[in-house]
Amino acid sequence: MAYSFDFSSLADYGPVLAKGVAITVELIVVGGALGVGLGIACAWAKALGPRWLRPIVSAYVELIRNTPFLIQLFFIFFGLPAVGVGLTEMQAAILAMVINLGAYACEIIRAGIEATPRGQFEAGSSLAMSPIQTFRHVVLVPALQKIWPALTSQIVIVMFGSAVCSQISVEELTFAANFIQSRTFRAFESYIVATVLYLLLAVLLRQVMRGLGLFLFPRRRKTT
Amino acid sequence: MSLITITEVRKSFGQNEVLKGINLDVAAGEVIAIIGKSGSGKSTLLRCINGLETINDGSITVAGAQLAPDEVHLRALRLKVGMIFQGFNLFPHLTAGRNVMLSPMVVKKVSQKEAEAEARVRLEQVGLAHKFDAYPDELSGGQQQRVAIARALAMKPLALLCDEITSALDPELVNEVLAVVKKLAEEGMTLLMVTHEMRFAREVCDRVVFMHQGRVHEIGPPEEVFANPQTAELRQFLGQS
Amino acid sequence: MTQFSTWDIVSNLLLAARWTVLLSILAFIGGGAVGLVVLYCRIARKPWLQRAANLYIELFQGTPLLMQLFLIFFGLPLMGLDVSPWAAAFVSLTLWTSAFLAEIWRGCVESIPKGQWEASSSLAMSFFEQLRYVVLPQALRIAVPPTVGFSVQVVKGTALTSIIGFVELSKAATIITNATFEPFTVYGFAALIYFVLCWPLSKSSQLLERKLNVAHHHH
């Protein structure tokens, strides 16, 4: 039995797809930036922060890493209003992504911090820098450089995860595909187009991260 | 009046007492070599003076400021004494110039322009003005150590602590670093150095401290300590090296 | 309106969680089996097989699991196969898992020193025999921690099957929420159940990894 593909009926929905792509990009740019920020803060807390803070951060990290993103998203979007915290779809989606990425980024970045030689901390202290100054100016950049590829992969994973934001009616790429298939009854074609777009977005995202890496770490480690 | 006053300092790691009551006064401009076997506590003593290790008992005062384990006192102390490490500890992501500029800008809030000017002067002082834009991994060990000295000097310390600063260097690179230290000594910098370079200690230092089993075992001008050791331990130590 | 006690909520979630567990186990076993085949292709000494395996891995790792689910759920019927949400869920999770496991295992196989291949081939073993008797037994040891670690991703991945209508833990949570109007409690408990399923796996993966590292240091 042969199925005849028909992508032509999708042609009218270019703008819908474009909007979907734009919102997916918005989600990953905002969520990615804030998530990495949260990850840095948590990594600092876990590796170097005050002792009382460490178990709290650990609990957060373990909780997030051991529950599905979908449930985190639903809890934030449907659950939080029940205790008086109402969020728009977009806010809920971004918050969920930030919290999710923050936990994974925390563990990744912490590994980078812990790989920092002790002498770097001591050099910072001996130059009268405070622990925070040493962290920010001496430790952080080489640590991030070390784990940049792992962090990039994680951000790509979070972007793929953002597909479920369609379930709370965020009009991102998957939502667009759902919408188009409901109008055209061309489900397979709709999702193939969306999948290809995700594939391209992932390639693009990796390139952007690579460029960002070159900008943040102008010094490439000698590979000899 | 002495610049650094060390009184009855004790330091233990667990059950192991590494410093068993150290007393030492260092006058401004004095150059002191600390010698002794590994494990005699000499590096620990330097690290205590810089607050990298907290002391269990006794006191350390630098230019009237007493060492206390809290952040404010530690930083006040570290503004007065710089430290050079065996392993250089340059920041790998910054150029030589940036390594020197960082702390003045971050800690003393010096403007970038001033910091850069200062860094050029300091790198010139250690003979590396032309390496301002080189990254640490583009420099030889000796050059890295000289950058580390320039970096410490940029904070305008009253004294420098040198912790076996030539021990990690290939033999042919030792002299370029020692030449810089010698020049600093001649310019009047107060120096406290843990070293294995006996010839250097003899030529440059005002006093030599021999440490043994956590105590100052012998102390005196190099000509006395080296020519006429009073104890069997020192005789044995000098015989070996 | 009927009142639902907390126990009603929890017990219904737990009943649904059985499907999460079952789907996870089946997908993990299926994914492991397919993953072995992909692994074999990936390291076989035939360039076209390697390339095909690479493409397979990159496709499944390089696109969202949700898209894979949709494509299989909507795509298989087009080929004349009538699939239930359950079957679509199983097939797509199996394929997705196989790609990740194959890639994890490839890393383990490649960490076995070249000398082992050379030694075994000098003993006139075929490629398959080298793999079966020399390389895999060694690779297996280091493969255990990351494999156990990935099982957590499989359990969490099953949550997506709720979107195509398979009634497992997440779908049950949504159904129960719609009946009770207590999203905070329901999703909170659902998260807790996932945590109870996943955390022991995460933790044992970490412990196994540490044990392996210690063992390595003692060599």
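How many residues does the contact take from chain A and from chain B?

Modeller: This is a predicted model, and the predictor gives the complex an ipTM of 0.91 together with a pTM of 0.89. The contact you ask about takes 19 residues from chain A and 21 residues from chain B. On the side of chain A that touches chain B, the elements that give two or more residues are helix H5 (118-126) and helix H6 (131-161) of chain A.

The C-alpha trace of chain A spans about 70 × 50 × 30 Å along its principal axes, and 48% of the 224 residues of chain A count as buried. If one takes the contacts in chain A between residues at least 6 apart in sequence, 77% of them join residues at least 24 apart.

B:Leu191 sits in strand E8 (residues 190-194) of chain B. B:Leu191 counts as buried because 22 other C-beta atoms lie within 10 Å, where 20 or more are required. Once its neighbours within four places in sequence are left aside, B:Leu191 is in contact with B:Val31, B:Ile32, B:Leu160, B:Cys162, B:Val181, B:Leu184 and B:Ala185. For B:Asn56, which is 135 residues away from B:Leu191 along the chain, the separation between the two C-alpha atoms is 24 Å.

Where pLDDT is low, predicted coordinates should not be read in detail. An unreviewed UniProt entry lists residues 20-41, 53-74, 86-105 and 184-202 of chain C under "transmembrane region". Of these spans, residues 20-41 of chain C are 100% helix and 0% strand in the model, with the end C-alpha atoms 31 Å apart, while residues 86-105 of chain C are likewise 100% helix and 0% strand, their end C-alpha atoms being 28 Å apart.

Methods. Residues numbered from 1 in each chain as written. Chains lettered and ligands numbered in written order. Predicted model: local features only at pLDDT ≥ 70, side-chain atom pairs only at ≥ 80, totals over all residues. Buried ≥ 20, exposed ≤ 12 C-beta atoms within 10 Å, placed from the backbone. Contact = placed C-beta atoms within 7 Å. UniProt positions renumbered as here; feature names shortened; annotations may be inferred. Helix = DSSP H or I, 4+ residues; strand = E, 2+ residues; numbered from the N terminus.
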